[in-house]
Amino acid sequence: MMRISTKGRYALRIMLDLAQNSEQGPVALREISERQNITPKYMESIMSLLLRDKLVQSMRGKAGGYTLTREPKDYPVYEILSTAEGGLAPVHCLAMEENVCPVRQNCLTIPVWEGLHNVIKDYLSGISLDTLMKQGSSCSL
């Protein structure tokens, strides 16, 4: 069964929380943790992925915390989930930079997996953090 892990779901909730609270400046990890009911330790591991891919930035000091690097409308859900999950390809051979599967040329099922991947990518790429905020969907994630 293909599933989005808690890491992916929490990453989306964290990013949405940052988008909703960005007007006040950098947001402390502790504040997000409390609002989203995610342990700080687990959040740190997710934040490291978001930092690595430059989806967020951190600021140190008394007024430090995390901020988005772009406007909420410029964050497709696909990008956030891909970062957290390490990709969203439904099969391993599509997760590789270049599909080097030895049976690719004779694989009759690859069009099914490519089609599914395209549907997932197109759907999730069409939803941004801004879209979610406007729909008031944060509690259903």
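**Burial, packing and backbone in a predicted model**

Me: In which loop is Asn-37 found?
Reply: Asn-37 sits in the loop between H2 and H3. The model is a predicted one.

Me: Why is Asn-37 called exposed?
Reply: The relative accessible area of Asn-37 is 67%. Exposed means over 50%, so Asn-37 counts as exposed.

Me: What is noted about the phi of Asn-37?
Reply: The phi of Asn-37 is near 55°, which is a positive value in a residue other than glycine. Lys-54 also has a positive phi, of about 60°, although Lys-54 is not a glycine. Lys-54 lies in the loop between H3 and strand S1 (56–59).

Me: How do you know whether Lys-54 is buried or exposed?
Reply: Lys-54 has a relative accessible area of 60%. The cut-off for exposed is over 50%, and Lys-54 is therefore exposed.

Me: Where is Gln-36, and what makes it buried?
Reply: Gln-36 is in helix H2. Its relative accessible area is 15%, and buried means under 20%, so Gln-36 is buried. Not counting residues up to four places away in sequence, Gln-36 touches Arg-13 and Asp-17.

Me: Why is H2 described as roughly perpendicular to H3?
Reply: The axes of H2 and H3 come within 10 Å and cross at roughly 115°. Angles of 65 to 115 degrees count as roughly perpendicular, and therefore H2 is roughly perpendicular to H3. The crossing in which H2 passes H3 is right-handed.

Me: Which residues meet between H2 and H3?
Reply: From H2, Leu-29, Ile-32 and Ser-33 take part; they meet Pro-40, Met-43, Glu-44 and Met-47 in H3. The residues of this contact of H2 with H3 divide into 5 nonpolar, 1 polar and 1 charged.

Me: What makes H4 largely enclosed by the rest of the structure?
Reply: Of the 9 residues of H4, 7 are buried, so H4 is largely enclosed by the rest of the structure. To be buried, a residue must have under 20% relative accessible area. The buried residues of H4 are Val-77, Tyr-78, Ile-80, Leu-81, Ser-82, Thr-83 and Ala-84.

Me: What covers the buried residues of H4?
Reply: The cover includes H1, H3, H6 and H7. After H4 comes Gly-86, with a positive phi near 80°.

Me: Why is H4 called oblique to H6?
Reply: H4 and H6 pack at an angle of about 120°, and their axes are 6 Å apart. Roughly perpendicular covers 65 to 115 degrees and roughly antiparallel begins over 145, so H4 is oblique to H6. H4 contributes Val-77, Tyr-78 and Leu-81 to the contact, and H6 contributes His-117, Ile-120, Lys-121, Leu-124 and Ser-125. The residues of the contact of H4 with H6 divide into 5 nonpolar, 2 polar and 1 charged.

Me: Of the residues in the largest nonpolar core, which touch the most other members?
Reply: Ile-14, Met-15, Leu-18 and Leu-129 do, in a core of 32 residues. Two or more residues of this core come from each of helix H1 (6–20), helix H2 (29–36), helix H3 (40–52), strand S2 (65–68), helix H4 (77–85), helix H6 (110–125) and helix H7 (129–135). H1 gives the largest share of the core, 8 residues.

Me: With what is Met-15 in contact, leaving aside its neighbours within four places in sequence?
Reply: Met-15 is in contact with Leu-50, Leu-55, Val-56, Leu-68, Tyr-75, Ile-80 and Leu-129.

Me: Why does Arg-3 count as exposed?
Reply: Arg-3 has 63% relative accessibility. Since exposed means over 50%, Arg-3 counts as exposed. Arg-3 lies in the segment before H1. From Arg-3 to Leu-88 there are 85 residues in sequence and 9.5 Å in space, C-alpha to C-alpha.

Me: How do you know that Pro-102 is exposed?
Reply: The relative accessible area of Pro-102 is 80%. The cut-off is over 50%, so Pro-102 is exposed. Pro-102 is in the loop between helix H5 (92–95) and H6. Pro-102 and Met-59 are 43 residues apart in sequence, and their C-alpha atoms are 46 Å apart in space.

Definitions and conventions. Residues are numbered from 1 along each chain as its sequence is written. This is a predicted model: local features need pLDDT of at least 70, side-chain atom pairs count only at pLDDT 80 or more; totals for chains, interfaces and linings use all residues. Side-chain values use heavy atoms; hydrogens and water are left out. A nonpolar core is a set of buried Ala, Val, Leu, Ile, Met, Phe, Trp, Tyr and Cys residues joined through side-chain atoms within 4.5 Å. Buried means under 20% relative accessible area, exposed over 50%, partly exposed in between (1.4 Å probe, protein chains only). Helices (H or I, at least four residues) and strands (E, at least two) are DSSP runs, numbered from the N terminus. Contact means heavy atoms within 4.5 Å. Axes are lines fitted to C-alpha atoms, for helices over the stretch in contact, and angles run from 0 to 180 degrees between N-to-C directions. Angles under 35 degrees count as roughly parallel, over 145 as roughly antiparallel, 65 to 115 as roughly perpendicular and the rest as oblique. A crossing is left-handed if the near helix is turned anticlockwise from the far one by less than a right angle, and right-handed if clockwise. Ala, Val, Leu, Ile, Met, Phe, Trp, Tyr, Cys and Pro count as nonpolar, Asp, Glu, Lys and Arg as charged, and the others, Gly among them, as polar.
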